[in-house]
Every structure is written in C-alpha cells, then in structure tokens.
Amino acid sequence: MGSGNSELIFDRVGHFGRYQIFVYFTCAFQNISCGIHYLASVFMTMFPKHTCRPPGNVSRILFHNTSLWRLDDIWTLFPTGREDYVVVQLEDGVVWELTRCYRFRRDNNSSLNYDYDGHKSGFSCLDGFIYDKSKWDNTVVTQWDLVCNREWFAKLIQPTFMFGVLLGALIFGYLSDRVGRRPVLWSTSIGMHVFGIAVAFTFDYYSFMLARFLLAIVASGYLVVVFVYVTEFIGMKARTWASIQIHSFFAIGTMVVALIGYLFRTWWIYQIILSTVTLPFVLCCWMIPETPFWLLSEGRYKEAQIVVDKMAKWNRTGTCKLSELLSLDLYGAVGEKPSEVKKYNLLDLFYDWNIGTRTLIVWLVWFTGCLGFYCFSLNSVNLGGNEYLNLFLMGAVEIPAYIFICVGMDVVGRRNVLMFSLISGALFCGVIMVIPKGNYIWSVVASMAGKFAIGSAFGLIYLYTAELYPTMIRTQAVGSGSVVCRVGSIIAPFCVYLSSVWLFMPQLLTGTLAFVSGLLTLKLPETLGKPLTTTWEQAIKLDEEKDSS
C-alpha cells in the first residue's frame with residue numbers, strides 16, 4: 001500500500017514540531033504515574049521492628065539491664081539482626097517474655113529479672129503485635145499484621161503486582177494493534193486513577209491485592225503502548241531522544257515515591273497522594289489523536305489524512321497529501337479496509353530463522369534488564385543509611401543514564417551501546433560483591449553505577465525493539481518483550497530475598513545474565529539512521545545489511 005515511505009510524512013510536516021511536542025509531553029507526564037505505582041510498595045511493605053503484644057496492661061518493663069516506662073521506648077535498644085526478648089510485668093503481677101513472634105509466661109512471678117531459668121509456657125501472639133512507629137505510622141504490614149507466619153503474604157505483594165504487569169503487557173499490547181493506540185491510552189489512564197484510589201480504601205489484605213493487581217494490569221498497558229505511540233508520532237530526526245527520554249519520566253516517578261514516602265508515613269494517605277498524579281492526564285487525554293502509522297497500517301487513509309493535516313496546521317508547515325506522497329487511494333468508503341490487510345500474532349515474531357533468533361536475543365535482554373533494574377531499586381532500602389535518599393538516588397541516576405545512551409546511540413549505534421551497558425552492569429555487580437560489609441556509602445555508589453548501566457540497557461531495549469520489527473507487529477514485539485521482562489520483575493523480589501541465603505546472590509545472578517546478554521547482542525542488526533520498517537522484507541533486510549557490513 002505504499003506505506004513503506006511513511007517516514008516521508010515527517011519530512012513534510014516536521015519531525016518534532018509543536019504538535020508532537022504537545023502530544024509527547026502530555027503522554028510522558030502520565031508515565032510518572034507508572035513509575036510511582038511500580039515502586040510504591042517499597043515503603044508500603046516495609047517491615048518495622050515488632051514484638052508480641054502482652055495480654056493486659058503493663059506495669060513494669062525490663063530489657064536486659066534497662067528499666068523502661070513504655071513499650072514504645074524499647075525500639076532504640078531492640079536489635080534488628082538477632083532474636084531478643086522484652087520482659088514485662090502486668091498489673092496482675094504475671095511476668096511475660098515478649099519476642100517477635102511468640103510470648104512466654106513465667107510460672108514464677110516472685111521477682112522481675114531479665115534472666116530466668118524456671119519453667120515457662122509459650123503462646124502465639126494472639127493479641128497482635130506492637131510495632132516501631134518511629135519511621136512509619138502505619139504500613140500494609142502493620143495494618144494486617146503481615147509478620148511472622150504471615151510474612152510471606154507481604155512478600156507476595158510486589159511479585160503479584162508484577163504478574164499483573166505481565167498480563168497487562170500481553171493484553172494491551174494485543175489490543176492496541178487491534179483497536180488502536182489511543183483507546184488503550186484512554187482506558188488505561190482512567191483505570192490507573194480509579195484503581196490507584198481504590199487501593200487506599202481496601203478493607204482487607206485480599207481486596208488490597210485485587211485492587212493492586214488490576215492497577216498493575218492497566219499501568220503496564222499504558223507503559224507498553226505509550227512508548228510505541230510516541231515512537232510512531234515522532235520523526236526519525238527526533239525519535240531517539242524523545243522515545244528514550246520518556247523513561248526519564250518513569251524515573252521521576254521513582255523519585256516522587258521517595259519524596260512522598262518521606263513526607264507521609266501512613267500508607268493509605270501515601271497511596272492517595274501518589275494516585276492523584278494521574279488526574280491531569282485523565283482530564284485532557286481526549287485531545288490526543290491516533291497515530292498516522294497505525295491508521296495507515298489498517299487502511300484507514302482518510303483518518304490518517306485528518307491527523308496529518310492537523311499536525312501540519314499546528315506545526316505551521318505546508319499541506320501534505322498522503323494520496324500524492326504515498327500513492328494511496330483515499331476515496332474508498334469511510335472506515336473501509338482493503339481486503340489484503342492481515343492480522344498478525346505472536347507467532348509472526350518467529351517469521352523465519354533470523355527473525356526468530358532476533359526475537360529470542362531481544363527477549364533475553366528484556367529479562368536481564370528488568371531483573372537488574374528492579375533488583376537494584378528494591379534492594380536500595382536495604383543498603384544502609386537513609387532508605388528514602390537511597391531510592392531517590394536510584395531514580396535520579398536513571399536520568400543521566402538515558403542522556404548517555406541518547407548521545408552514544410547517535411555516535412556508535414544502538415547495538416554497541418546496548419552491549420557496553422550490559423557488560424558494564426555485569427562488572428559493577430562484581431565490584432559490589434568485593435566491597436567490605438558495612439561500608440554502605442561505597443555500596444550505594446557502586447549500586448548507583450550498576451543501576452546506571454542496567455538502566456541504560458533497559459531504556460534502550462524499548463526503542464531498539466520498536467525499530468527491529470515492522471509496523472503491523474511492532475506493538476506485539478514490544479508487548480511480548482515487556483511480558484518476558486515482567487517475568488524478570490516477578491523474580492526480582494525473590495532474588496532480593498535470596499540475599500538472606502548469601503548476601504551477594506542478587507548481584508551474582510544479575511551480573512551473569514548481563515554478561516551473557518551483552519555478548520549475544522552482537523548478533524543483532526544495527527538500526528541507527530534507518531527509517532522504521534513497515535514490511536517483513538524491510539525487517540529482514542536489516543540482517544542482510546549487518547552480514548554484508
């Protein structure tokens with residue numbers, strides 16, 4: 001249908017004019033919400049110091065050789081790393097030993113001493129727990145007592161969210177190729193606002209998980225589709241910077257989480273405030289149009305012409321007639337599609353041997369980038385020092401990372417920058433493993449360097465994937481990559497938990513995968529300076545050009 005020359009549209013109406021700038025920043029602003037919701041659980045699921053609640057009013061408290069008036073005063077003395085207990089005497093004279101998950105009643109109440117060799121009876125924490133509120137007044141963990149034998153409920157919160165992200169990438173990546181990019185952006189944006197607020201008003205753990213799961217689905221749908229949307233709406237001259245820097249808004253979302261977490265220490269207030277970021281886009285999302293690329297691929301030429309005319313008017317350029325530029329028949333019935341328009345599915349990502357190999361390597365890079373990205377982010381609150389500052393820095397370091405890859409891609413190409421970022425990430429993981437324990441400042445610095453490298457690869461793979469596949473399968477390519485990537489994000493929390501087995505297990509797994517992925521990247525074709533492909537023949541030609549070079 002002649003759409004192989006669709007890039008000529010931008011030569012006529014502008015590659016990044018006023019209209020594209022408006023659309024770009026409108027959509028990019030909403031990407032802040034994705035960054036917020038993806039990492040909001042970091043502070044909602046923090047495990048504070050805690051101990052069993054005594055079965056009555058306390059008259060005396062003893063911790064080692066220190067006598068206290070209130071149980072709330074013990075937290076500065078209570079250890080984090082080892083099991084210990086508090087001795088309390090109730091108003092009825094009964095003496096209890098309180099540990100994190102159990103309480104013991106002493107049979108001999110004649111004296112109040114910390115050490116006791118007599119007989120005592122053990123009980124579970126039937127009256128609940130007392131929590132350290134010096135950092136957070138209320139979290140999901142303290143709200144529903146997700147500690148001790150219920151601790152695994154809290155540890156499932158982030159993996160379950162990421163499972164919803166996986167489904168969202170698959171569902172909305174498919175829908176955007178069927179019904180268009182714009183309807184998906186509308187529906188997912190409204191869904192983020194509705195489900196984000198709903199999370200704050202859930203009445204138990206299970207309703208909380210359901211609301212978060214639905215929130216994950218729509219947030220993932222927006223994140224996948226918005227990238228393809230801006231890629232198709234911006235000309236080749238500005239596409240690299242614009243599409244990569246959209247990830248900077250996700251990083252800003254991470255920084256917002258750290259800031260709001262520092263300012264508001266009650267989880268449901270924290271959640272409501274984070275969810276209001278979505279509102280401005282919901283109010284103006286009706287203004288964004290469908291992309292000309294998708295309309296052309298669906299044979300809806302008249303609608304594509306309307307969008308192009310509007311773009312030319314805003315950009316103050318001359319008219320651009322698609323019928324002349326692309327040799328199209330614009331005089332068919334409105335909404336009529338040519339009979340030759342074919343529907344594509346995931347199996348087309350294995351169109352032939354070369355395309356199939358390309359797909360597997362791209363999927364491995366997606367998996368590695370996401371695993372490393374979330375391992376560094378989620379583990380930032382465990383590095384020592386100020387956990388809010390740590391997470392803020394992990395978000396802030398992404399912004400120069402995206403600037404680095406934008407400059408690097410235009411100089412040495414996508415493939416070489418991707419390989420360099422992955423192998424550098426592997427090396428920094430090795431550096432973290434040799435830093436002496438307790439030297440948290442250098443651990444934070446090395447983790448920032450690792451996040452910089454992995455973040456570069458993670459940001460680049462979105463654009464690179466979109467450029468490696470033709471228009472009719474592009475969103476499914478990015479969507480399927482995001483699905484594979486979310487498998488990595490589901491595993492990432494458990495990978496962080498493995499640090500209890502061996503402190504550097506997360507770095508070992510991430511570093512090994514990054515090194516292997518970096519080497520395999522050499523088998524991918526370069527897309528620097530080449531227009532977006534619209535047919536399989538053009539996509540296959542990328543491999544032929546690589547082999548000839």
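How many of the residues of strand 4 (residues 86–90) are buried? In this predicted model, strand 4 is mostly covered, with five of its five residues buried; buried denotes under 20% relative accessible area, exposed over 50%, and partly exposed the range in between (1.4 Å probe, protein chains only). Helices (H or I, at least four residues) and strands (E, at least two) are DSSP runs, numbered from the N terminus. Residues are numbered from 1 along each chain as its sequence is written, and side-chain values use heavy atoms, with hydrogens and water left out. As the model is predicted, local features need pLDDT of at least 70 and side-chain atom pairs count only at pLDDT 80 or more, whereas totals for chains, interfaces and linings use all residues.

Burial extends to both faces of strand 4: Val86, Val88 and Leu90 are buried on one side, and Val87 and Gln89 on the other. Pairing of two strands requires that DSSP finds at least two bridges between them. Strand 2 (residues 58–63) runs antiparallel to strand 4 and is joined to it by four bridges; Ile61 has Val88 of strand 4 as its bridge partner. Four bridges also connect strand 4 with strand 5 (residues 95–98), again in the antiparallel sense, and Gln89 is partnered by Val95 of strand 5. Strands 4 and 5 form a hairpin with four residues between them, and Gly93 in the turn has a positive phi of about 95°.

With a disulfide taken as a pair of cysteine sulfur atoms within 2.5 Å, the count comes to two. In the disulfide of Cys52 and Cys125, the sulfur atoms are 1.5 Å apart. The torsion about this S-S bond is about -55°, so the disulfide is left-handed. Cys52 lies in strand 1 (residues 50–52) and Cys125 in the loop between strand 7 (120–124) and strand 8 (129–131), so the pair ties together parts 73 residues apart in sequence. Both Cys52 and Cys125 are buried.

Cys101 is joined to Cys148 by a disulfide with an S to S distance of 2.0 Å; this link is left-handed, with -95° about the S-S bond. Cys101 is partly exposed at a relative accessible area of 25%, whereas Cys148, at 18%, counts as buried. Counting bonded cysteines along the chain, the disulfides follow the pattern 1-3, 2-4.

For Cys370, the closest cysteine sulfur, in Cys485, is 3.0 Å away, too far for a bond. Cys370 is buried, with a relative accessible area of 0%. Cys495 is likewise in no disulfide, the nearest cysteine sulfur being that of Cys375 at 3.7 Å; Cys495 counts as buried at 2% relative accessibility.
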